[in-house]
Amino acid sequence: MFFCFYYFLLSASSAPPCLPAGVAYFVRCTEDMPTFRTRLTVALVSAATIALELMLMRVLSLRFWHHFSYMIISTALLGFGASGTVLTLGRKFLLPRRREALCAVSLAMALAVPACVRVAEFVPLNVQFLTWDFRQAGYLVLVELIFLAPMMLAGMAVGLALMDLPDRISGHYAANLIGSGIGAGMAVIMLGPMTTPQVMVVLSALAYLGGIVSLPGRRLWRVCGVSTGAALICVHLLVPWSPGMSQYKMLSLLRQMPKTETIHSTEGPLGRIDVVAGPAIHHAPGLSLNCPAEVPPHVLMITDGDQTSPVFKSANDGDYAFLDWTTSALPYHLLERPSALIIGAGGGADIALARYHHCRRTVALEMNRQVIDIMTGPLLNLGGRVYEGANVEVINAEARGYLAGEEEKFDLIQLPAIDAFGASGAGVYAGQECYLYTVEAFGKMLSRLRPGGMVCVTRWART
């Protein structure tokens, strides 16, 4: 399909000068394709396409796990390849009607964006049964075919524009590149103040606007434009949608517990965060069964429905005595008041443990800015202002970038259990790539230790 796409582009962009009739036919087909409108349509559709790829990754990460981001990339490539095949096979019909076709596929993409996510929710795909339930393989293919539709329509829109005269193609291609770059940045920016369903509305509107820009002047096409806009409004208002979630994710399990409620929720480029409270919640990873101290009440901060970090209600550092009975406490009994680097601040339990042992300096790295905002905002008093200790510095940074860029040395580097326990039991994270556990990463950590320093790593294990 990819070869068909490129063959189609090359054949469509070359008009043999030795065939006057063919040239006249090609030029006649181009007269109804205004250059600026065509490029604006291409830019809008391209922006919507790249942003849609990122949003579908978020949708599948919420519903399942992050591994499905790879499927979306392959689906997008397959969609563009399929579009080349369709345009090649239908060239004789489409060539004299390129403006109408460009408008039609842009409007169709606007409808396909909200339709694909809604229809995909009805597919009973359960990836945890994929190895022994062969029906799941069929469901997986079905989901990919559903998401293929808007990608193929987007590829057709770009391909139709590139069927233009050779001296115009460079400008159309530039519009495609510019629109794609804007779409990527736009998706990341919008995920701060907007939710995933709201961003999908914007993407649908972008594709619709692309169709309106290239709308032919005839009355029939005006009716089509108005009808498509009305259909989009009806879909978004009358058929509300929000990303589904696997019943085996931590958040789904907690919601089944009595009197459990979500007290705060926010979304961003690095995931959706839900803060869940309830009397049945008990979460203290790595805690010894011999612990004599009482575990204080706590809420759970959950990212993308599964990655869980507890936030303990405390009035003073003494409330964190129970943390001294976890695996992470061992190095504090071997080092006297160490300076500690914590990779993954989360709900602040490891910071609290460092404060409990009176570390002379604690640096905590947190890659997700929203976690810091939550811990210093809505959960500030609930978490005992754990981020605001006298010797505590919380930095919004990725671990390997920080280790490569700073020269400060520490006595202790802590790597908490930052993955999801439920997923580890199902084997979902068996193939997860995590660049904190590579040879190079550990080399960087060891190089940042003082003589006699330690690296403490806590990982999930379930049998």
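Let me start with a term: buried means under 20% relative accessible area, exposed means over 50%, and partly exposed is in between, with a 1.4 Å probe and protein chains only. Keep that in mind for every residue I name.

Now the ground rules. This is a predicted model, where local features need pLDDT of at least 70, side-chain atom pairs count only at pLDDT 80 or more, and totals for chains, interfaces and linings use all residues. Residues are numbered from 1 along each chain as its sequence is written, and side-chain values use heavy atoms, with hydrogens and water left out.

Salt bridges come next. The term means a side-chain nitrogen of Lys or Arg within 4 Å of a carboxyl oxygen of Asp or Glu. How many salt bridges does a search of the whole structure find? Ten.

Take glutamate 388 and arginine 385. Their closest N and O atoms are 3.2 Å apart. Glutamate 388 is partly exposed, at 44% relative accessible area. Arginine 385 is partly exposed too, at 39%.

Now arginine 218 with glutamate 100. Here the closest N and O atoms are 2.6 Å apart. This pair links distant parts of the chain, 118 residues apart: arginine 218 sits in the loop between α9 (196-213) and α10, and glutamate 100 sits in helix α6. A word on those labels: helices (H or I, at least four residues) and strands (E, at least two) are DSSP runs, numbered from the N terminus. Arginine 218 is partly exposed, with 47% relative accessible area. Glutamate 100 is buried, with 16%.

A further bridge joins aspartate 274 and arginine 272, with closest N and O atoms 3.0 Å apart. Both of those residues are buried. There is also a network: salt bridges link Arg360, Asp411 and Arg450.

Stay with helix α6 for a moment. Serine 106 is found there. Is serine 106 buried or exposed? It counts as buried, at 1% relative accessibility. What does it touch? Contact means heavy atoms within 4.5 Å. Leaving aside neighbours within four places in sequence, serine 106 is in contact with Thr41, Val45, Ala157, Ala207, Tyr208, Gly210 and Gly211.

On to the aromatics. A pair of aromatic rings is described by the distance of the centres and the angle of the planes. Rings of Phe, Tyr and Trp (its six-membered ring) pair if their centres lie within 6.5 Å; planes under 30 degrees apart count as stacked, over 60 as edge-to-face, and the rest as tilted. That rule gives three aromatic pairs. One is phenylalanine 129 with tryptophan 132, a tilted pair at 5.7 Å centre to centre and 45° between the planes. Another is phenylalanine 129 with tyrosine 248: the centres are 6.0 Å apart and the planes are at 80°, so this pair is edge-to-face.

Why does the second pair tie together parts 119 residues apart in sequence? Because phenylalanine 129 lies in the loop between α6 (98-120) and α7 (135-161), while tyrosine 248 lies in the loop between α10 and α11 (250-255). Ring pairs link Phe129, Trp132 and Tyr248 into a cluster. Tryptophan 132 is exposed, at 58% relative accessible area. Phenylalanine 129 is partly exposed at 27%, and tyrosine 248 is partly exposed at 32%.

Now the strands. Two strands pair if DSSP finds at least two bridges between them. Strands β1 (residues 261-268) and β2 (residues 271-277) pair in the antiparallel sense over seven bridges. They form a hairpin with two residues between them. Within it, threonine 262 has valine 276 of β2 as its bridge partner.

Strand β3 (residues 298-303) pairs with β4 in the antiparallel sense over six bridges. Valine 299 stands opposite valine 311 in β4. Their hairpin has three residues between the strands, and aspartate 304 takes a positive phi near 55° there. Strand β4 (residues 307-312) is largely enclosed by the rest of the structure, because five of its six residues are buried.

Last stop: leucine 341, in strand β5 (residues 339-343). Leucine 341 is buried, at 0% relative accessible area. Not counting residues up to four places away in sequence, it touches Val363, Leu365, Tyr402, Leu403, Phe410, Leu412, Ile413 and Gln414. Isoleucine 351 is ten residues from leucine 341 in sequence, and 9.4 Å away in space, C-alpha to C-alpha.
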